[in-house]
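Here are some friendly exercises to work through with the sequence and structure at your side. Try each task before you read its solution.

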Amino acid sequence: MSRVYNFSAGPAALPVEVLEEASRDMLDYKGCGMSVMEMSHRSKMFEDIINEAEKDLRALLNIPDNYKVLFLQGGASQQFAAVPMNLLQNGKAGYILTGLWAKKAYQEGKRYGEAVVLASSEDKNYSYIPDCSDLPITEDMDYVYICENNTIYGTKYPKLPNTKGKVLVADQSSCFLSEPIDVSKYGLIFAGVQKNVGPAGMVIAIVREDLIRDDVLPFTPTMLKYKTHADNGSMYNTPNCWCIYVCGLVFKHLLRSGGLPAMKARNEEKAKLLYDYLDQSKLFMPTVSGNSRSLMNVCFVVNPDSVGSAEEKAALEAEFVSKAKDAGLLNLKGHRTVGGMRASIYNAMPKEGVLALIEFMTQFESEHLK
Ligand SMILES: *Cc1c(COP(=O)(O)O)cnc(C)c1O
């Protein structure tokens with residue numbers, strides 16, 4: 001068996017210990033003679049799995065008692081519609097546009113009410129987080145929406161926006177469980193789990209109880225009402241049992257590894273190594289500077305000043321991604337809307353992977369710098 005260093009933005013690398021445990025359980029989970037994939041979601045065994053997963057997640061994030069944890073299907077993108085359907089009471093909400101995912105949420109929000117752009121960094125291809133200390137938030141807004149870590153652009157809010165007392169809704173898909181957070185500052189957090197937590201196909205929503213109501217927008221499908229899932233312990237219908245099980249293994253792994261304070265320290269160390277290298281490199285340059293930098297997604301390009309033309313830059317970037325792959329460093333190509341490179345260094349990426357990348361880049365630089 002040989003494992004590569006997988007820098008994919010998602011679905012992304014999972015801890016080897018978790019994969020080994022899942023493979024040990026595969027044919028016979030805890031002596032029940034079947035795998036988790038094959039068992040009834042109404043069985044005692046699965047009930048224990050989902051209850052334990054919720055308990056461990058609550059412990060990791062210190063989730064207050066007045067928040068519900070929901071394991072939902074449809075991915076993070078489904079929440080772009082579920083949020084306005086469940087939260088709009090006055091029909092108006094504010095959105096901060098910091099990237100493609102925030103914009104998609106905003107566009108979906110517009111379909112169900114008045115969605116107002118409070119701030120945007122589109123002018124510089126979303127390479128920074130706008131000042132959010134005094135946004136034009138009005139009394140009648142039902143919530144303020146952010147995408148906290150921008151997977152594609154490599155930015156993250158250095159601090160949460162001043163919402164002027166309004167409910168904060170955050171898409172945390174690519175920074176979920178990467179560091180401790182204060183859940184009580186949010187009304188609703190959701191995260192597609194395939195970035196930092198588990199297999200694809202599920203989203204975890206943490207919703208303050210007063211935001212879970214019956215009087216949602218009238219056309220809201222039963223399956224998109226938070227109340228449906230809150231009232232049924234995320235088992236109104238068959239949940240993504242396998243994904244809940246693997247996420248549960250990851251939660252236990254994180255608890256064993258020192259919890260989120262330990263993750264934060266590890267993630268800061270890894271990110272600093274990579275950004276420090278990029279900041280002094282003559283061939284490469286990071287696309288985000290200052291305190292907007294993401295700990296999870298590090299975006300960089302070939303410095304245009306070090307090559308003769310745009311074509312040369314693109315060719316060199318393609319060569320870098322291809323040679324890195326040959327060296328066992330996979331999925332370093334940037335998102336098509338940004339170009340260049342992106343190294344996603346989620347919780348499961350060991351420091352050794354980041355060091356291997358830096359070593360490879362140093363070598364590539366010495367061979368290609370004119
Ligand atoms: C990946 C991603 C999404 C989309 O997730 P799906 O589960 O594919 O819908 C949404 N928001 C952010 C921040 C993401 O990184």
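**Exercise 1.** Find how far a nitrogen atom of the ligand is from an N or O atom in the side chain of Asp171.

*Solution.* Step one: go to Asp171, where the distance from a side-chain N or O atom to a ligand nitrogen is 2.6 Å. This is a predicted model, in which local features need pLDDT of at least 70 and side-chain atom pairs count only at pLDDT 80 or more, while totals for chains, interfaces and linings use all residues. Residues are numbered from 1 along each chain as its sequence is written, and side-chain values use heavy atoms, leaving out hydrogens and water.

Step two: look at the ligand's oxygen atoms. One is 2.5 Å from an N or O atom in the side chain of Thr151, and a polar side-chain atom of Lys195 lies 2.5 Å from an oxygen of the ligand.

Step three: consider cover. Alone, the ligand exposes 390 Å² (Shrake-Rupley method, 1.4 Å probe), and the protein buries 87% of that.

**Exercise 2.** Which helix gives the most residues to the shell around the ligand?

*Solution.* Step one: list the surrounding residues (a heavy atom within 4 Å); among them are Gly75, Phe80, Trp101 and Gln194.

Step two: turn to the helices (DSSP runs of H or I, at least four residues). Helix α3, residues 75-87, gives the most, with four residues.

**Exercise 3.** In what order do the seven strands form the open sheet?

*Solution.* Step one: strands are DSSP E runs of at least two residues, and two of them pair if DSSP finds at least two bridges between them. Step two: read off β2-β10-β9-β8-β5-β3-β4, with mixed pairing. Step three: find the edge strands, β2 (67-72) and β4 (114-120), which each pair on one side only.

Notes:
A polar contact is a pair of N or O atoms within 3.5 Å; within protein, one must be able to donate a hydrogen and the other to accept it, and residues adjacent in sequence count only if both atoms are side-chain atoms.
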